[in-house]
Amino acid sequence: MVLLHALMQGLIAASAFLLPWELSPTLLVSCAGALILYWRGLRRVRAAERPAPGRRIAFFSGLLLVYFVMQTRFDYLSQHMFYLHRLQHLVLHHLGPFLIALSQPLTVLARGLPARIRPAAIARIWRLPVIRVAYRLLQNALVAPLLFVGLIWFWLTSRIHFDAMLSDPLYWVMNWSMLIDGLLFWILMLDPRPRREGALLGFGARILIVLAAMVPQMLIGAHIALSNRDLYDVYAVCGRAWEIDPLLDQHLGGLITWIPAAMMHVIAALVLIGRWARHDRNETHRMRAPASSNSGRA
Amino acid sequence: MWRSRKWALAALLAAGLLSACSGEGAWRTHDIFKLVPDLAFSLNDDRGRSVSAQDYRGKVTLLFFGYTHCEDVCPETLAQLAQTLRTSGSGRDDARVLFVTVDPARDSTAVMHGYVQAFGPQFVGLRGDAAALDALARRYRVSYSLGKPDAQGRYEVTHGSAVFVFDREGRARLVFTAKDTPAAMAQDLRRVLFDSGAGAGAG
């Protein structure tokens, strides 16, 4: 009986933690929509086209992570603790979009669309000059990494960080901008195709970009982690989630900005090198194939 | 030639930005106009009357969260605010400091009354139940948490040091932080006191 009571208490506490701190219908609808589309798509694609379990897990866990950091009590904690805020942004800008991009979900998502929405209609919207130009611009080899690093720098400017933490609309602009830019960047970087098959950038260029974008983040992280000045006084002004030395909070936040974020870039570079090598091998194979087609078949 | 012209253009832009920042609109404390919601609450004051933001329209209000057992931040901040009010040249009925307790369990109406009176007639103590207090804290995105009680049952409460300043129409205008000197606070408070009747366009 006592055990049951304790269990109930635990469940109530857990569900209270999982309820949104500040409900965002837009995010709720986006996440639920993506989940439903993907689910329907998985059931509709032929078995041969179905993504490997690893890719499916990557999609679901990426989506779940994004939802968790924005629509649970974790959101409250990351408003009142700098290092948890950095963890939230690590998920929104790196880990979540990285996993989603790695799962290459577009085919499955498209298959999940209701029958009334024909792929041709979406393709027509996609080919609108405004959208094409905007997308090409955002995904330009120079613009994409500058935007990626620039956003981190912008929201970590003391003054702007202060306002974003005080203002409800600005806070949402900050988190949405990180999520959307994260998706754009990692979808561009982790495109499985080589350039001649339709990727916007070649593997070599992408490896360079992903490694170049790592360096300024390490500098920003190190600056925060090694500074002995309280750079973000907004947490003292609004109150921390629990008692912690402000500099410890800041140093942990700096380390999160510095090391796990850089790790994600290294992992991306390794993934790209692997894909490049595989495509290269296939390419040599194909070029040799006609000459030795007879012996190959024997 | 081209390069020097580009630099000149950049310098001009920078100068323009700088003058825009340091001109009429410059505050010495933190400007939060249009970033933070208007003053709204429903609590009890230190005489036991139920009050809302409407009761303070026409006065500049300074909202601060704290508790009477607080040893350093709260009395220091309240003393600084008393000094700021004196030097800002505000009349007795121009401004109110609203001190909201985050520890209503220990801060009874009587305790609050005795505590705020010590700082001056413009100080009002406010308390409410957990729901009212949570709603207010959430509205201004401030946090507080009760610490673990020691052997004597004493405990500390972690809370923010923000002082939110609202103009006579109840619009959020400034936030004072621990970094701001009483002189800077008084100067900015004077501006809110004397231009809020004329509209908040200057901020």
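**View 1. Contact between helices α10 and α11 of chain A in the predicted model**. A:Asp163, A:Ala164 and A:Met165 of α10(A) meet A:Leu170, A:Tyr171 and A:Met174 of α11(A). Of the residues in this contact of α10(A) with α11(A), 5 are nonpolar, 1 is charged and none is polar.

**View 2. Packing angle of α10(A) and α11(A)**. Helix α10 covers residues 158–166 of chain A, and helix α11 covers residues 168–189 of chain A. The two helices pack at an angle of about 115 degrees, and their axes lie 5 Å apart. Because angles of 65 to 115 degrees count as roughly perpendicular, α10(A) is roughly perpendicular to α11(A).

**View 3. Side-chain directions along strand β9 of chain B**. The strand consists of residues 163–166 of chain B. B:Val163 and B:Val165 point one way from β9(B), whereas B:Phe164 and B:Phe166 point the other way. All of these residues are buried.

**View 4. Pairing of β9(B) with strand β4 of chain B**. Strand β4, residues 60–66 of chain B, runs antiparallel to β9(B), and 4 bridges join them. Within this view, B:Leu63 stands opposite B:Phe164 in β9(B).

**View 5. Pairing of β9(B) with strand β10 of chain B, and the hairpin they form**. Strand β10 spans residues 172–176 of chain B and pairs with β9(B) in the antiparallel sense over 4 bridges. B:Val165 has B:Leu174 of β10(B) opposite it. In the hairpin of β9(B) and β10(B), 5 residues lie between the strands. B:Gly170, in the turn, has a positive phi of about 85 degrees.

Definitions and conventions. Residues numbered from 1 in each chain as written. Chains lettered and ligands numbered in written order. Predicted model: local features only at pLDDT ≥ 70, side-chain atom pairs only at ≥ 80, totals over all residues. Axes fitted to C-alpha atoms, helices over the stretch in contact; angles between N-to-C directions. Parallel < 35°, antiparallel > 145°, perpendicular 65-115°, else oblique. Contact = placed C-beta atoms within 7 Å. Nonpolar A, V, L, I, M, F, W, Y, C, P; charged D, E, K, R; others polar. Buried ≥ 20, exposed ≤ 12 C-beta atoms within 10 Å, placed from the backbone. Pairing = 2+ DSSP bridges.
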